[in-house]
Amino acid sequence: MHDDIKDSLLKKSRATRSEQRGRIISLTCTAIIVLIVVSIFYFVASKGLATFFSNKVNVWDFLSKSIWNPGSTDSHGSPQAGALPMIIGSFGVTLLSAIIATPFAIATAIFMTEISPNKGYKILQPVTELLVGIPSVVYGFIGLSVVVPFVRHTFGGTGFGILAGTFVLFVMILPTVTSMSVDALRAVPRYYREASLALGATRWQTIYKVVLRSATPGLATAVIFGMSRAFGEALAVQMVIGNAVLLPHNLISPASTLTSVLTMGMGNTVMGSAANNALWSLALLLLLMSLVFNLLINKIAKRGRI
Amino acid sequence: MNSKKWNTVATGILYFIAGVMILILAFLLIFILWNGLPHVSWHFLTTPARSFQTGGGIGIQLFNSFYLLFLAMLISIPISIGAGIYLSEYAKQNWLTSLIRTSIDILSSLPSIVVGLFGFLVFSIQAGLGFSILSGALALTVFNLPLLTRNVEESLNSISESQREAGLALGLSKWETVLRIIIPEALPGIVTGMILGAGRVFGEAAALIYTAGQSAPALDFTNWNPFYIASPLNPLRPAETLAVHIWKINSEGIMPDAAQVSAGASAVLIIAVLIFNFGARFISARVYGKMTGTK
């Protein structure tokens, strides 16, 4: 016998069904993202570790030797995959550009929040936001047409090298670091400043002893974020660094970074060969470094919260 | 020196550095537009590129950029909205959620060249798509998803809890509350994030050189059948975008007027970024007015 009331009580209502469907849809979308992350790690690691497991390159040799010629083998019969020139190049441009960019970015952020909030808000903020969005190849092109000739005329050499890379990355991470520093300074509560001023401190004393101190974790996050962008930047650096896989003698001799070698080399090697696997090991190194930067940012954020 | 003098000196230094910063930023913008705009003409925007002669344009590259952007957004918008809803409405405070959040963080901080190489390995080689618009769009989706998701989640989180309670009190399910009440209210924020994300995707090159490829075969703009090999809509053809083009002609150095073409193309990219930026503000204000009835 058919009973409508019994049916409606025992069956799921329309709302319940749509609720379940919604939960499944949104969970699937999230699962897709997690799956992508896991598969990036799986594929890059499986390719990158092949250098050490199937081509028998010593991990320590990979990190400390300076001859990069993974297509040919050395006297022990393993490929000559010494990544030290690229590692030095990558860390060199990253650290140098962060060292130059940090004072500029923090000073500008102080100017925008403490000294002249009005001008800061009206002029500097829109401009920095715009510059964050400029594509990196445009920075590379400017580097090629302005920075490289400038370095060549001022310091000699070809102009290509770590110095040119540093300048390009400095300008590139400047807007990002600045706008994150502004956020960090704005997060300092207003009554900190009022308390300090009420104690008779000058504006600079307030900035230096109160505002900067309490914003330190946020500022450090901004700088490390800038460094992680600089470390992973590929094309802009590749265009100005000179692409010579040699240990850099000075700041104006052609050099290379992990990303520049990857950009240049991946298309010229055969999938599965030792030369190709060695490139994937560089990609794995990049991946691990971006994990390290991520970890640092999380650590700082946690300490800042207490 | 006493503290008052220090104050004056420090303020002076801060003014100076901020001034230098403004100069650098202004120089960048003026340099690009000043050098590039004289080369931009209707002819430049519509003719195909020439490899060995002067006078080539960026027509095909420009079309490829927009088509790739469209496909990438088509894939990434629904996924990011779904994931954003899950994280803001359904996720509980437990290890699984923190694992998901960590992996989104990691994905957003990955260098784009690593994303590009992953796309090359998985989409171009293993899935057999080759250098094609489709594998480029998928790589851009990977690159774009974490930031879009975070933006959707933040926009949804900014809606007050009382709106959700109101929806539930009216007998709507949670999902219906989200779809009918929360998302419309959060739409301005979501749209702004999408447009800014589109601007980023538009200028991305490193993720594309090994997925969408570095060549732009001639297109037949009279045949729009997506299965025809020279059709502009064919998703399986290689497609060099504007940003990749700038990189390519500068690092190869065989095009005689590479400097002029890249100056013009850079100006076009910058103008596109400007349009995306202002468009984001304008549209979000319009959507806000429409959704809230304030206008």
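The following legends describe close-up views of a predicted model.

Residues are numbered from 1 along each chain as its sequence is written, and chains are lettered from A and ligands numbered from 1 in the order in which they are written. In this predicted model, local features need pLDDT of at least 70 and side-chain atom pairs count only at pLDDT 80 or more, while totals for chains, interfaces and linings use all residues.

**View 1. The two domains of chain A.** Chain A is divided into domain 1 (15-82 + 269-306) and domain 2 (84-264), with bounds that come from an automatic or database domain assignment. Their C-alpha centres lie 26 Å apart. The contact between them takes 20 residues from domain 1 of chain A and 20 residues from domain 2 of chain A; two residues are in contact if their C-beta atoms, placed from the backbone, lie within 7 Å. On the side of domain 1 that touches domain 2, the elements giving two or more residues are α4 (59-64) and α13 (274-305) of chain A. Helices (H or I, at least four residues) and strands (E, at least two) are DSSP runs, numbered from the N terminus. The most is given by α13(A), with 14 residues. By class, this side of domain 1 has 13 nonpolar, five polar and two charged residues. Here Ala, Val, Leu, Ile, Met, Phe, Trp, Tyr, Cys and Pro count as nonpolar, Asp, Glu, Lys and Arg as charged, and the others, Gly among them, as polar.

**View 2. The largest nonpolar core.** This core has 176 residues, and A:V168 and A:A283 have the most contacts inside it. A nonpolar core is a set of buried Ala, Val, Leu, Ile, Met, Phe, Trp, Tyr and Cys residues joined through C-beta atoms within 7 Å. Helix α8 (residues 162-186) of chain A supplies the largest share of this core, 16 residues. Domain 1 and domain 2 of chain A both give residues to the core, so it lies between them. Not counting residues up to four places away in sequence, A:A283 touches A:V44, A:G48, A:L262, B:V114 and B:L117.

**View 3. Chain B and its side facing chain A.** Chain B has 10 helices and zero strands, and its C-alpha trace spans about 70 × 70 × 45 Å along its principal axes. In the contact between the chains, 68 residues of chain B meet 66 residues of chain A. The largest share of the chain B side, 16 residues, comes from α1(B). The residues on that side divide into 46 nonpolar, 16 polar and six charged.

**View 4. The bend in α8 of chain B.** A straight helix of 30 residues would span 44 Å at 1.5 Å a residue, but α8(B) spans only 38 Å between its end C-alpha atoms. The expected span is 1.5 Å times one less than the number of residues. At B:L187, α8(B) bends by about 55°, and a proline, B:P188, follows within four residues. The bend is the angle between axes fitted to the seven residues ending at a residue and the seven starting there.

View 5. B:S173 lies in the loop between α7 (161-169) and α8 of chain B. B:S173 is buried, with 21 other C-beta atoms within 10 Å. A residue is buried if 20 or more other C-beta atoms lie within 10 Å of its own, exposed if 12 or fewer, and partly exposed in between, with C-beta atoms placed from the backbone. Not counting residues up to four places away in sequence, B:S173 touches A:A15, A:T16, A:S18 and A:E19.
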